[in-house]
Amino acid sequence: MFFIIGESLQEVSREQLKNTDKQYVAVVSFDEWKESRESFEMGIDMDQDISEMYTTKAEVNYDSLTGSFSIPNREDFSKEDYKFAFALDEKGIVFIDDSGKAEEIINCIRNTKKWKLPSLERFIYDFLDQIVMDDLRLMEKYERELDGIEKMIMKGDDDFPSSRLNEIRSDIRDLRIHYEQLMDLGQELEENENNFFKQENLRYYRLFLNRIARLHDNSASLRDYTMQLRDLYKAHIDIKQNRIMTVLTVVTTIFMPLTLIVGWYGMNFKFMPELDWRWGYPVVIAVCLVIAVGSLLFFKKKKWL
């Protein structure tokens with residue numbers, strides 16, 4: 001796919017692309033790039049393998065800028081990232097992609113964007129913006145879910161979704177790493193070492209960097225929130241265990257003197273006067289009740305119960 005950057009992206013043929021001086025956007029497969037990369041006259045010898053792409057990055061060359069994208073799947077972060085490469089100079093940008101993700105983003109830009117001041121810089125800004133367009137909504141969704149987990153903890157619900165909390169924390173970690181890589185990419189573009197971009201258009205990259213910085217801060221806050229929820233749950237478990245231990249301690253303390261009395265009168269010595277006393281049995285029962293009730297009142301007064 002080949003496009004000319006005008007008020008919107010205008011699809012053209014390869015021949016039309018060769019006969020124009022306007023800046024362009026191209027999407028080719030890795031095999032097509034190997035066959036026709038010299039026709040783009042970027043003066044680079046890029047022989048990238050998609051299996052070797054692990055990060056989003058940009059590298060400044062003598063007369064070009066090359067790099068790769070590794071975009072997490074927002075629908076399911078456990079799936080493999082969308083990976084594709086790119087090469088650009090002052091004339092245009094070429095995406096080398098077998099995943100179809102670059103084409104999907106470009107089609108979205110074609111359908112939604114019209115520019116008063118069309119330029120390569122504005123296209124790149126919109127392309128980067130499309131990558132993170134729905135991330136704020138995703139963050140809000142995670143925050144609502146975490147709020148629900150917090151309410152569950154505060155209600156004392158024992159059905160704590162620890163596996164889901166781990167999934168959210170893992171997703172947020174992947175996003176945070178992705179944002180850091182996009183920030184590095186944006187900084188390389190803003191630096192404009194090869195003077196591919198007009199100085200007045202570098203503001204687009206500054207806008208993008210500001211947005212990524214905010215998303216990165218949000219992801220860091222959500223990650224801290226997940227840690228706080230785990231600590232909160234552990235604190236509630238500790239409180240429950242302390243309450244159980246308190247009850248057990250109180251019961252044990254109450255029955256200790258009763259056990260002493262039972263053991264004492266269980267010896268059955270011949271000359272124990274209480275054994276032959278008519279009121280011995282009722283008196284022992286009364287003493288035991290007084291000890292039990294007195295102990296409960298004492299613990300209640302001390303607010304141990």
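Predicted model: local features only at pLDDT ≥ 70, side-chain atom pairs only at ≥ 80, totals over all residues.
The largest nonpolar core has 54 residues. Within this core, Phe69, Phe95, Phe123, Ile124 and Phe127 touch the most other members. Once neighbours within four places in sequence are set aside, the contacts of Ile124 are Leu88, Ile93, Leu189, Phe197 and Tyr205. A further core of 14 residues lies apart from the largest one, and its members include Leu17, Tyr24, Val28 and Ala87. In soluble globular proteins, nonpolar side chains tend to be buried together.

H3 covers residues 101-112 and H4 covers residues 120-131. Their axes are 10 Å apart and meet at an angle of about 110 degrees. Angles of 65 to 115 degrees count as roughly perpendicular, so H3 is roughly perpendicular to H4. The crossing of these two helices is right-handed.

H5 spans residues 135-154 and H7 spans residues 203-265, with an angle of about 10 degrees between them and their axes 10 Å apart. Because angles under 35 degrees count as roughly parallel, H5 is roughly parallel to H7. H5 passes H7 in a left-handed crossing. H5 contributes residues including Asp135, Leu136, Met139, Tyr142 and Glu143, as well as Ile153 and Met154. From H7 come Leu215, Asn218, Ser219, Leu222 and Tyr225, among others, and His236 is also one of the residues met. The contact of H5 with H7 is made up of 13 nonpolar, four polar and four charged residues.

The last stop is Phe196, in the loop between helix H6 (162-191) and H7. Is Phe196 buried or exposed? Its relative accessible area is 10%, and buried means under 20%, so Phe196 is buried. Leaving aside neighbours within four places in sequence, Phe196 is in contact with Asp63, Ser64, Leu65, Leu88, Asp89, Glu90 and Glu121. Leu88 is also a contact of Ile124. Between Phe196 and Lys91 there are 8.2 Å from C-alpha to C-alpha, although the two are 105 residues apart in sequence.

Technical notes: Residues numbered from 1 in each chain as written. Heavy atoms only, no water. Core = buried A, V, L, I, M, F, W, Y, C linked by side-chain atoms within 4.5 Å. Buried < 20%, exposed > 50% of the residue type's maximum accessible area, 1.4 Å probe, protein only. Contact = heavy atoms within 4.5 Å. Axes fitted to C-alpha atoms, helices over the stretch in contact; angles between N-to-C directions. Helix = DSSP H or I, 4+ residues; strand = E, 2+ residues; numbered from the N terminus. Parallel < 35°, antiparallel > 145°, perpendicular 65-115°, else oblique. Left-handed = near helix turned anticlockwise from the far one by under 90°. Nonpolar A, V, L, I, M, F, W, Y, C, P; charged D, E, K, R; others polar.
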